[in-house]
Amino acid sequence: MIHRRDGHLPFRLLADRRDGTLPADVAAEADRHLAEGCAQCRADMEAIGEIVAGIREGSLPAPPRDLDRRVAAMFAGSLPPEDPEVFVASLVFDQAMHFSPALRAGGADERRVLFAFGEHELDLAVTRAGMRYDLAGEIARRAGGRAGSGELSVLRGRRVIARTAVRDGSFACGRLPAGRVALEGECGAVRFRIPLLVLGA
Amino acid sequence: MTRDPRAGEPDANPTDDATLVLRCLDAARGGDRVGGEGAWSELVRRHGPLAWAVIRRAGVDGADAADVYQTAWLAALQSLPRLRDPSRFAPWLARTAHLQAVRLRRTYGITRRVLSRVDAREEDDRAPDEDIERFETRSAVAAALSRVGARCESLLRALYYEDPPPAYADLARRLGMPVGSIGPTRARCLEKLDKLMGGGS
């Protein structure tokens with residue numbers, strides 16, 4: 001009795017049959033089973049033959065290594081560009097909260113606010129013009145030097161109410177209504193967000 | 001091979017092709033970039049020799065083979081989201097490589113006819129299924145051999161790759177195992193290899 005409980009021949013026995021190392025009577029019984037047309041055992045026998053042939057033929061020659069390096073690099077080039085990190089700016093100084101005539105740099109209706117994000121600082125002047133407000137800002141690296149160019153948006157809720165260009169770190173934006181706004185900007189490779197700025201009292 | 005992996009078998013290869021393809025797709029949709037790049041590199045390492053063999057078999061070599069190889073991988077990369085069965089990545093890549101090679105070979109024919117006014121010769125451009133399957137098996141066997149364990153790999157290579165195969169007594173001495181255990185170990189190693197390749201009796 002050479003069959004397994006499920007009626008098929010053990011894989012190892014088939015491997016021995018393929019290599020011709022079974023005793024004659026066992027080999028004859030295995031051959032009878034295969035000749036009866038057992039699909040599972042025939043597939044196993046075929047697999048053993050393919051494995052042995054695969055080993056005998058050896059590994060496929062590899063393509064030149066620099067070629068594979070180029071193909072491997074293809075994938076990174078196909079990916080969408082990574083979103084730059086968005087810095088949430090933190091308030092460093094607000095003249096409205098620390099009123100001092102000595103710190104006043106501009107006119108009576110001007111308020112200075114300083115934010116910091118990443119390696120940058122944003123010096124913002126908020127000037128009242130009647131019932132409206134003008135913004136003028138300069139973005140600079142803390143280590144020195146202006147930030148690059150980009151764009152700045154003023155939002156009320158999710159709605160963009162003003163948009164202006166940032167050139168060499170400088171921007172200006174006028175005629176904004178009083179109330180709470182958020183600023184979102186991109187300057188060089190840096191993106192930042194100021195979640196809340198109150199225009200007016 | 002015609003057999004399917006059996007349900008309930010332990011996962012023979014935790015990073016199978018389907019998983020690697022899905023990681024690539026995830027990265028392309030903005031997911032894990034590093035994981036995607038690693039998965040793509042592994043696909044290139046694993047199946048580069050197969051694509052290369054198919055291209056060379058189609059009669060393309062030298063700089064043309066390098067061009068076709070890169071074009072085939074680029075086509076595979078661009079078509080990845082449309083791949084119906086990610087576990088069939090290898091045969092799909094092989095056929096893509098064959099198609100690219102045949103396209104180039106056709107231009108050889110046109111150039112030859114234009115330059116030397118020789119008669120067009122009908123060329124057999126049908127996909128060489130048998131050859132591709134043989135390459136696939138060689139590739140899969142090589143991959144499985146590298147994971148089957150050093151003892152099994154040495155034994156199977158000695159028995160089926162060396163020409164002429166060593167006598168059992170010599171092999172037993174070389175591998176430090178009793179002569180009587182070579183036969184059973186060989187059958188066990190073939191079974192292990194078969195399982196690594198997705199079989200399972």
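Residues are numbered from 1 along each chain as its sequence is written, and chains are lettered from A, with ligands numbered from 1, in the order in which they are written. Because the model is predicted, local features need pLDDT of at least 70 and side-chain atom pairs count only at pLDDT 80 or more, while totals for chains, interfaces and linings use all residues; side-chain values use heavy atoms, with hydrogens and water left out.

Along the sequence, the order is α-α-α-α-β-β-β-β-β-β-β-β-β-β. Of the 201 residues in chain A, 36% are buried, meaning under 20% relative accessible area, with exposed over 50% and partly exposed in between (1.4 Å probe, protein chains only). Contacts are counted where heavy atoms lie within 4.5 Å; among those in chain A between residues at least 6 apart in sequence, 44% join residues at least 24 apart. Chain A exposes about 11200 Å², and carbon and sulfur atoms supply 51% of this area (Shrake-Rupley method with a 1.4 Å probe; for residues, only the protein chains shown count as cover).

Leaving aside residues up to four places away in sequence, B:Leu43 touches B:Asp17, B:Leu20, B:Val21, B:Cys24, B:Gly48, B:Trp73 and B:Phe89.

Back in chain A, strands E6 (residues 150-156) and E7 (residues 159-166) run antiparallel and are joined by seven bridges; strands pair if DSSP finds at least two bridges between them. A:Glu151 has A:Ala165 of E7(A) as its bridge partner. The two strands form a hairpin with two residues between them, and A:Gly157 in the turn has a positive phi of about 65°.

In chain B, helix H7 (residues 168-175) buries B:Leu171, B:Ala172 and B:Leu175. Seen down the axis of H7(B), these residues fall within an arc of 100°, so they line one face of the helix; the arc is that of the directions from the helix axis to the C-beta atoms. They pack against helices H6 (150-160) and H8 (182-196) of chain B. After H7(B) comes B:Gly176, with a positive phi near 65°.

Finally, the cysteines. With a disulfide taken as a pair of cysteine sulfur atoms within 2.5 Å, the count over all chains is one. B:Cys152 and B:Cys189 form this bond, with sulfur atoms 2.1 Å apart. The pair links distant parts of the chain, from helix H6 to helix H8 of chain B, 37 residues apart. B:Cys152 is buried at 4% relative accessible area, and B:Cys189 is buried at 0%. By contrast, the sulfur of A:Cys41 lies 3.5 Å from the closest cysteine sulfur, in A:Cys38, too far for a bond.

Definitions and conventions
Helix = DSSP H or I, 4+ residues; strand = E, 2+ residues; numbered from the N terminus.
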